[in-house]
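Subject: Structure for you to look at

Hello,

Here is the structure I said I would pass on. Please open it beside this message and follow along; my notes come after it.

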Amino acid sequence: MFDPDIAPSGTLLGLLQRGRGDGTLHALAAPRAEALAALNDSVLRDPRRDWQLENRSLYYARLYMQLDGGLEEIERHLFHPDDRIDTREERTGLALSVLGHLASYGRDAALLLLRSYAAVGDNWRWALDELALRDDDEGLLSLAPAVLARFPETPEGEAELAAAVRDAFEPRPWRLWAEDARYGARVRAAGEQGCFDRWQRQLTPSGPRPGWSVREVLQWAEDGRAERPAEWRTGAAARCLAAVAGPEDRPELLAAARSGPDAARAAALRHLAERGDPEALDLIEAAASDPLADPELVEAATGAFCRMRSVAAVERARVWARRPDRLGAVAAALLARRGGARDADTVLAVLRRTVQAEGPDAEGLWELADGVGRLGVECAAPVLRHIYRETSSSHLRGRAAAALAATDPGFAAGFAVECLWDCEETTRELAARTAATADARVVEQLRRLAADPAEETEVQTAVRGRIGPDAAEV
């Protein structure tokens, strides 16, 4: 029922790893040592299924502040010898983001840790980005010698420096250093080199050229698959086909979509689906049902179907949704997005089947949860509650919460209350709009969110709608 790296949802650690609002509430009620141990475990072993998509840093930083937690464990983690061996951003990224928020809350120790790590740590770019948002000019200028020393004054080192300046997510430190007489010449030269490199790449594109024919575009798509590493150019090739293909090219495109090489077949399927070609649905079904097809081709065929908006596509989805394969899953997802009241039972059945067979983190649950909420399927509430409690994805939990708000009359007085402490801002926004204020904790937390400078604007706007001068409810 849960990922091996994720503790059960009924434990304090499991709640904190998931970023649930109840995690904060339970941590504040637990013995402080136990709460800090679970919090440190969550921060130092990033529990997110997708660390680039899911939020946890503000959630954990707030809890550090509420527990008055020390930063010794984070410091040991950042400066551990493993930092030189395991150079993945996700090993230290969450801890650095938490420090960034703590610095915003006025924790000077967090700011000093970020500066120290930016000077010597492997993931220094992340730390520098956090400092760019929160440190003063003097602090950033003090880091210039350590950062620039990472790049030896050799042709290779200058090329690496140019790439670092060009790709910086937050350019403020580099701009400061470029204006300083001690480092300015070198930093400005690196910036100019980065711009020149980008200009050169634009002048020497390796993709399609004006005047290419349909056959040449399809061949270019196939060439990408033959390269090492293989590159499926389905989307790019489909866009090129939209520019060069005319009515006279339809027979060639149909032939490619029916029996061409896999990459060319994928591009042709995408193009025909986007144009609503009357044969596209049959060709998609043939490709997705081919037992010998490359998995990438199956994914491209089902992806092409997902992009279709026609009534015929919805009608075909009603037939395909019964299938137990990938095509059946995307058909059910299309019904969840575009189907009508008559499709409610089908979407609910697929949602239940998917959770039963693959668990609460299964691929495709996002759209199915959205679908039962959009269609107002009240009897979906039990399975949505299960997903809410058990999923390790905070984004999926937020989608389940939104669906519960539309289907479960008890949501406002139930899960909506804990959602005010959730790690995802969209979930907190939903709770700010819907949580019943009979619970005294709701009023207190709404006021706390309204006063927190780190809170997202959308959440604060929702809060003001409940506690503003014209809102009598609170």
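This is a predicted model: local features need pLDDT of at least 70, side-chain atom pairs count only at pLDDT 80 or more; totals for chains, interfaces and linings use all residues.

Helix α3 covers residues 32-44, and its axis lies 8 Å from that of α6, at an angle of about 125 degrees. On the α3 side, the residues in contact are Ser42, Val43 and Leu44. They meet Arg91, Leu94, Ala95 and Val98 of α6. Sorted by class, this contact has five nonpolar residues, one polar and one charged.

The largest pocket

Helix α6 comes up again here. The largest pocket holds about 720 Å³ of space. Its lining is made of 27 residues, and those closest to the centre are Ser97, Trp126, Asp129, Glu130 and Phe169. Three helices each give at least two residues to this lining: α6 (89-104), α8 (124-134) and α10 (155-167). The largest share is that of α8, with eight residues. By class, the lining of the largest pocket has twelve nonpolar, five polar and ten charged residues.

The second largest pocket

How much space lies in the second largest pocket? The value is about 370 Å³. This pocket is lined by 22 residues, with Arg326, Ala329, Val330, Glu363 and Gly364 closest to its centre. Two or more lining residues come from each of α18 (295-306), α20, α21 (344-358) and α22. Which element gives the most? That is α20, which supplies six residues. The lining of the second largest pocket splits into eight nonpolar, five polar and nine charged residues.

Helices α20 and α22

Two of the helices that line the second largest pocket, α20 and α22, also pack against each other. Helix α20 runs over residues 326-338 and α22 over residues 365-374; their axes come within 8 Å and cross at roughly 35 degrees. The crossing is left-handed. From α20, the residues in contact are Ala332, Ala333, Leu335, Ala336, Arg337 and Arg338. Their partners in α22 are Glu367, Leu368, Gly371 and Arg374. This contact of α20 with α22 is made up of five nonpolar residues, one polar and four charged.

Helices α27 and α28

The last pair is α27 (residues 440-451) and α28 (residues 457-467). Here the axes come within 9 Å, and the crossing angle is roughly 130 degrees. Therefore α27 and α28 are oblique to each other. Which hand does the crossing of α27 and α28 have, left or right? It is left-handed. Leu446, Arg447, Leu449, Ala450 and Ala451 of α27 touch Val459, Gln460, Val463, Arg466 and Ile467 of α28. In this contact of α27 with α28 there are seven nonpolar residues, one polar and two charged.

As you go through these pairs, note that two packed helices are described by the angle between their axes and the distance between the axes.

Regards

Note on methods
Residues are numbered from 1 along each chain as its sequence is written. Side-chain values use heavy atoms; hydrogens and water are left out. Axes are lines fitted to C-alpha atoms, for helices over the stretch in contact, and angles run from 0 to 180 degrees between N-to-C directions. Helices (H or I, at least four residues) and strands (E, at least two) are DSSP runs, numbered from the N terminus. A crossing is left-handed if the near helix is turned anticlockwise from the far one by less than a right angle, and right-handed if clockwise. Contact means heavy atoms within 4.5 Å. Ala, Val, Leu, Ile, Met, Phe, Trp, Tyr, Cys and Pro count as nonpolar, Asp, Glu, Lys and Arg as charged, and the others, Gly among them, as polar. On a 1 Å grid over the protein atoms alone, a cavity is a set of points where a 1.4 Å probe fits but cannot get out, and a pocket is an open set with protein on both sides within 12 Å along at least five of seven lines; lining residues have an atom within 4 Å of a point. Grid points are joined across faces, edges and corners, and a volume is the space filled by probe spheres set on the points. Angles under 35 degrees count as roughly parallel, over 145 as roughly antiparallel, 65 to 115 as roughly perpendicular and the rest as oblique.
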